[in-house]
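Keep the structure open beside you as you read.

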Amino acid sequence: MKKTLLFLAVMLLFITNSYSQASFSTGALNVEVDEYGGIALYTPDGTYQLYRAAVLVASSPTTVFNYKLDADVEEPTVLVDNPTLSDFEIYGAYNNEYSEEPPDVIARLRAFGWNDGAFTIVKFTIENNEATAINASAGLDIIPYLNEEYGYDSVSYNSAEGVIRFHRGAEVNMGMKLLSASLSSLYSFEWYDEYEADTSYWNWMNTGALQPLYASETADGPVTITAQDPVVLDPGASFNVYYAMALGADEPTMLSNITAAIEKYNILITSVEDPGTSVKGLRLEQNHPNPFRQSTEISYNLPDDGFVSLKLYNVIGNEVATLVNADQSKGPHTMNFNAHDLPAGVYYYTIRFNNQISTNKMFLIK
């Protein structure tokens, strides 16, 4: 029986892998991340509500990075000392070395928490470790465990709020919301043994629809798969995916906690979260101001003379502008970008220099 097997799995994780897990308690929510990036949520009384949520990265119908078949440790899961962006933070990075099957990606996870908040914000940075570009779609594989019970619960989509709701009668509600993009697919099905196949994941991540309601009718309970539109990733390039996860005694309380998470998210993305990345001397700064309404400055530093390409992409990986495409001299450079002809949204700007690549995110508001 699934409940018994997964309960034993949870206990086994506590006993054998506690050294490789990290957890924190905000006072209103406990968050735990295991050694391979599986996220669990439980209430302060120790009652689990989420057995596992884990990242998915799909690049073709037969190549999907997933928790069970692929994930291995790139960097250990740890509780961050003295976090600067939140009151609590967990960090870990995971690769595909368990299977050595494509896609060869590194998924870096950061889970943020705040005192007395019944929510967490989880950031995944998806990095292409392949020798060639991939078309990467990210999502989650979610197994709810409401009040430590499986089965006969429902998964519904609140389209007005963009929130996935997990609920069973008058029991605790759990909600999840993709913050950094729009959901392109949402699909739930009844759990079955060894459902984790690449072709199945691909199909679930590419339904092209947001399932409004799934009601479990067995003791096995639902598995929910999410996805967003794919992003073109050159070798070494990366993109960020943010999810809010929250609990509440009922739907209004859960939605209120999701709203509180959104407020923290807006602070996260406008803070100096990624103060520029450095790759072999190449440095790309965060654009300023960010967010911006029409124009913004982008600065970068070149370690030597050479040819520079700086391009802008939308959230689905389509190139929307070429900002620099020329030979430039060693040292600092700044250019002004005017986005008057672009719609509001999230964009990525990528610099390429002597086979080095660096990417940052910008936010256009109007």
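Start at Gly162, which sits in the loop between β11 (154-158) and β12 (163-167); helices (H or I, at least four residues) and strands (E, at least two) are DSSP runs, numbered from the N terminus. Before going on, note that this is a predicted model, where local features need pLDDT of at least 70 and side-chain atom pairs count only at pLDDT 80 or more, while totals for chains, interfaces and linings use all residues. Residues are numbered from 1 along each chain as its sequence is written, and side-chain values use heavy atoms, with hydrogens and water left out.

Is Gly162 buried or exposed? It's buried, at a relative accessible area of 13% (buried means under 20% relative accessible area, exposed over 50%, partly exposed in between, with a 1.4 Å probe and protein chains only). Leaving out residues up to four places away in sequence, Gly162 touches Tyr157, Met176 and Lys177, where contact means heavy atoms within 4.5 Å. Its C-alpha atom is 7.7 Å from that of Leu178, 16 residues apart along the chain.

Tyr157 turns up again with Gln211, whose contacts beyond four places in sequence are Tyr157, Leu186, Tyr187 and Ser188. Gln211 is in the loop between α2 (198-205) and β15 (213-215), and it counts as buried too, at 19% relative accessibility.

Now for strand β4 (residues 48-60). Why is it largely enclosed by the rest of the structure? Because 13 of its 13 residues are buried. Strands pair if DSSP finds at least two bridges between them, and β4 pairs antiparallel with β3 (residues 39-42) over 3 bridges, with Leu41 partnered by Leu50. In that hairpin, which has 5 residues between the strands, Gly46 takes a positive phi near 90°. Finally, β4 and β5 form a hairpin with 2 residues between them.
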